[in-house]
Amino acid sequence: MTAEFKNEPLTDFSQPQNRKAFEAALDKVEGELGVEHPLILGGERVKVGRTFDSINPAKPSQSIGKFQSATTREAELAITAAERAFEIWKRESPARRADLLFRAAAILRERKHEFSARMVLEVGKSWAEADGDTAEAIDFLEFYGREALRYAAEQPLTRVPGEKNELRYIPLGVGLAVSPWNFPLAIMAGMTTAAVVTGNTVILKPSSDAPAIAYRFVLALEEAGMPPGVVNFLTGSGGAIGDFLVESPRIRFVSFTGSKEVGLRVNEKSAQPRPGQIWIKRVVAEMGGKDFILVDETADVEAAAAGIVAAAFGYQGQKCSACSRAIVHRKVYETLLQKVVEKTRALTVGATTSAAVNVGPVINAGAEKKILQYIETGKQEGRLVAGGEKAPGEGFFIQPTVFADVKPDSRIAREEIFGPVLAILPTSSFEEGVKMANQSEYGLTGSLYSRDRKRLEQAREELHVGNLYLNRKCTGALVGVHPFGGFNMSGTDSKAGGRDYLLLFLQAKSISEAV
Ligand code: NAD
């Protein structure tokens with residue numbers, strides 16, 4: 001019997017031995033930087049003669065590693081390798097497939113700090129954020145392993161005389177997993193292994209801003225016993241190979257997490273059948289957010305301010321669940337604003353190799369430019385009360401920035417900025433606040449802080465987001481506890497880390513025998 005699923009505990013960095021162990025992991029990973037990484041296609045190491053560098057956003061002159069710029073030729077080879085592996089892997093017992101995930105979880109647990117340290121260097125996560133990401137990856141492996149066993153068990157059906165009936169869940173085929181850089185281990189690992197544990201084989205195309213973490217994860221899968229071709233590691237630009245893979249008639253499903261723009265493109269291209277294609281491609285697309293925290297006049301203002309600052313600036317605001325709109329009742333507006341500004345100013349910005357830093361760099365030069373442009377827009381649209389500039393240092397550092405008195409129809413209140421920028425919007429009533437909160441093309445996460453029981457109940461009905469939180473911040477969803485996914489332009493509401501998720505990678509076969 002497999003033990004009941006439990007979330008992986010987080011590391012307590014106030015303990016000196018944990019800090020020391022993490023520093024040692026950082027040293028070890030720093031010693032491994034800059035080397036060239038091949039593609040992994042059908043277990044073979046493949047080089048293509050053209051590479052790109054993944055860089056440290058806190059120190060752009062430092063290469064994390066060189067990665068292959070795959071072309072459509074390697075993309076085709078990846079599909080062939082995945083097709084070959086599928087013929088064997090689909091017949092593998094669910095128990096063995098689940099065991100692969102459990103063994104990979106054990107490897108990640110054993111080398112937890114190394115995986116987290118690599119995230120500090122490759123994507124600028126703070127120690128705590130990186131540790132949370134690794135813990136979430138372990139959770140996905142443990143949770144989806146158990147879920148695969150549940151779907152493999154006998155499924156309840158209504159009995160009729162004269163027939164023996166069963167319902168089996170079978171895999172779809174060869175899929176494409178396209179992952180983002182912001183949860184470079186957890187989301188990448190979750191998307192990939194959910195597909196694999198259900199008997200599919202995949203081409204994993206990680207973000208070009210975080211390929212090193214994905215590469216190490218694929219090595220961990222190999223070490224755990226994954227047969228060649230089950231996960232094929234393919235790096236390269238989304239533009240160069242993304243469309244080609246998405247459009248291929250040999251791809252059965254696409255699991256995508258990233259921006260709205262790319263997600264919609266993937267959805268559109270997948271819908272178009274190509275010559276030789278005999279199925280409707282299935283698309284799982286998890287996209288952006290413009291998440292809110294609503295604070296009414298009865299709320300615990302101190303708790304709300306702490307929740308807003310943590311959700312707005314954790315990982316530099318680069319979470320799909322990050323709070324980018326605080327909607328605050330006028331009666332508590334000034335008090336809350338003051339607290340938010342105080343807490344924001346207390347944050348330290350810099351390279352997250354230091355344990356004391358809360359706010360690291362944004363991911364790359366393009367993101368830095370875009371966020372700074374939004375800050376300029378914000379200066380026209382609201383009252384700047386904290387930050388508002390680039391922060392010193394070689395890296396892509398931006399001061400945590402807060403704009404007050406923002407109007408609901410302004411750009412900084414509507415568009416996903418994906419950086420450390422918070423808009424605060426005043427509201428005159430709870431009802432108006434709910435309306436403002438729902439006034440978005442997105443619908444991913446949201447919170448309400450209130451002491452009014454009636455309003456808390458009303459919020460359950462009326463706040464239209466995939467993940468709603470009451471009297472707590474809108475980030476930090478836990479696998480198994482808060483299945484995650486959004487409404488509207490936030491995506492297909494796949495509910496990653498929930499009991500419906502594996503169904504997205506399965507099809508049900510109903511078998512009836514006369515007896
Ligand atoms: P992105 O859309 O720029 O890239 C995502 C992935 O798509 C990358 O691997 C990229 O290389 C690839 N890609 C680019 N063009 C492609 C194409 N034409 N065909 C196929 N693939 C292509 O997003 P990002 O910057 O990596 O991530 C940030 C975005 O992701 C934000 O909008 C954030 O809200 C969203 N996100 C959503 C969730 C969620 O669960 N809803 C979780 C994390 C991130």
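Domain bounds here come from an automatic or database domain assignment. That assignment gives domain 1 (20-287 + 493-514) and domain 2 (291-477). The model is predicted: local features need pLDDT of at least 70, side-chain atom pairs count only at pLDDT 80 or more, and totals for chains, interfaces and linings use all residues. Residues are numbered from 1 along each chain as its sequence is written, and side-chain values use heavy atoms, with hydrogens and water left out.

**Domain arrangement**
- The centres of domain 1 and domain 2, taken over C-alpha atoms, lie 31 Å apart.
- In domain 1, 23 residues are in contact with 28 residues of domain 2 (contact means heavy atoms within 4.5 Å).

**Buried area**
- The two domains bury about 2100 Å² between them, 59% of it on carbon and sulfur atoms (buried area is the accessible area, 1.4 Å probe, that two parts lose on being put together, summed over both).
- On the domain 1 side, P57, A58 and W181 lose the most area to domain 2, together 23% of what that side buries.

- Between the domains, the count is 2 salt bridges (a side-chain nitrogen of Lys or Arg within 4 Å of a carboxyl oxygen of Asp or Glu).
- E129 forms a salt bridge with K319, with the closest N and O atoms 3.0 Å apart.

**Elements on the domain 1 side**
- Strand 5 (59-68), helix 4 (112-123) and helix 5 (127-152) each supply at least two residues of the side that touches domain 2 (helices, H or I, at least four residues, and strands, E, at least two, are DSSP runs numbered from the N terminus).
- Helix 4 gives the most to this side, with 4 residues.
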